[in-house]
Amino acid sequence: MVAPGSRGEVALFVTCLVDLMRPSVAFSALKLIEAAGYVAVVPEAQTCCGQPGYNSGDTAAARALACKFIAEFERFPYVVAPSGSCAGTVRTHYPDLFADEPAWRARAEALAAKTFELTQFLVDVAGVTEVPGDFNGSVTYHDSCSGLRELGVKQQPRALLDRMSGVKRIEMRECEDCCGFGGLFAVKYPDISGAIVQRKCEAIRGSGAYAVALGDLGCMMNIEGRLRRNGDELTQVIHIAELLAGDVGGQG
């Protein structure tokens, strides 16, 4: 039962990389959803959205995981993921997976309509203008490919960053360019991927900001790994959920 005064339930899709690599991102997302007045729910049986299978052409595996995901999440008014990539899979690709199954396609389309990337939900649905976190320092923002191109996530994270006291937001050049991760792309074409992320890291350094924020853990791991291999131990690489929730420190 939803408590009086609550704006309703929001299901958090944690995503595989967050679960395995940086669970703190999920806790930051929960804090932001609850600060917006919603009851955050984490379905315990959730697993993968099926994106790796979809991207690699394993349609059968992707459909099986999509069916599981739909059954677990379709009862909620909203589904939110701290990832433009995973939210984009549900919103953009799930209906295509069931092109020849009208009943499942209808369920996929209904779920897609209420699935959002975290900052997209906070700004476009919840109308959030203030966040609980604070941060003292300069920040540049990297636009992840799926969030930007599949969901239109562009101004939402910037609007929230600009409202945080202490944050000096600086745009890097070519902020919309890919970081080179691309899931299996980084595995299949490591040399090309390496050259792309090197260019991205040079853009980050060139911005003069001491931190880069972003909305996908894949981009985060790829960029942070390259920065450290380049000998840069100073530039902070921060998931936007952790930054907005105040779960990371600034430059003092």
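**Note on pockets, cavity and helix packing**

1. The largest pocket has a volume of about 610 Å³. A pocket here is an open set of points, on a 1 Å grid over the protein atoms alone, with protein on both sides within 12 Å along at least five of seven lines. Grid points are joined across faces, edges and corners, and a volume is the space filled by probe spheres set on the points. This is a predicted model, where local features need pLDDT of at least 70 and side-chain atom pairs count only at pLDDT 80 or more, while totals for chains, interfaces and linings use all residues. Residues are numbered from 1 along each chain as its sequence is written, and side-chain values use heavy atoms, with hydrogens and water left out.

2. Which residues lie nearest the centre of the largest pocket? They are Gln51, Asn55, Ser85, Phe181 and Gly183, out of 30 lining residues. A lining residue has an atom within 4 Å of a point. By class, the lining has 16 nonpolar, twelve polar and two charged residues. Ala, Val, Leu, Ile, Met, Phe, Trp, Tyr, Cys and Pro count as nonpolar, Asp, Glu, Lys and Arg as charged, and the others, Gly among them, as polar.

3. H1 (16-21), H3 (51-56), H5 (84-97), H8 (145-151) and H12 (217-229) each supply at least two residues. H5 gives the most, with four residues. Helices (H or I, at least four residues) are DSSP runs, numbered from the N terminus.

4. The second largest pocket has a volume of about 210 Å³. It is lined by 13 residues, and Val14, Thr15, Asp19, Val42 and Gln46 lie nearest its centre. H1 and helix H2 (24-35) are the elements that give two or more residues to this lining. The largest share, three residues, comes from H2. The lining divides into eight nonpolar, three polar and two charged residues.

5. The structure holds one cavity of 30 Å³ or more. A cavity is a set of points where a 1.4 Å probe fits but cannot get out. The largest cavity holds about 70 Å³ of space. Its lining is Gly84, Glu117, Tyr141, Asp143, Ser144, Gly147, Leu148, Val153, Gly215 and Asp216. Three of these residues are nonpolar, four polar and three charged.

6. Next, helix packing. Two packed helices are described by the angle between their axes and the distance between the axes. Axes are lines fitted to C-alpha atoms, for helices over the stretch in contact, and angles run from 0 to 180 degrees between N-to-C directions. H5 and H6 (102-112) pack at about 170°, with their axes 8 Å apart. That makes H5 roughly antiparallel to H6 (over 145 degrees). Val90, Arg91, Tyr94, Pro95 and Asp96 of H5 contact Arg105, Ala108, Glu109, Leu111 and Ala112 of H6. Contact means heavy atoms within 4.5 Å. This contact has six nonpolar, no polar and four charged residues.

7. H6 also packs against H4 (59-73), at an angle of about 60° and with axes 10 Å apart. Cys67, Phe69, Ile70, Ala71 and Phe73 in H4 meet Trp104, Arg107, Ala108 and Leu111 in H6. By class, there are eight nonpolar, no polar and one charged residues in the contact of H4 with H6.

8. How do H11 (190-207) and H12 cross? Their axes come within 9 Å and cross at roughly 75°. H11 and H12 are therefore roughly perpendicular (65 to 115 degrees). In H11, Ser193, Gly194, Val197, Gln198, Lys200, Cys201, Ile204 and Arg205 meet Asn222, Ile223, Arg226 and Leu227 of H12. The contact of H11 with H12 divides into five nonpolar, four polar and three charged residues.

Methods:
Parallel < 35°, antiparallel > 145°, perpendicular 65-115°, else oblique.
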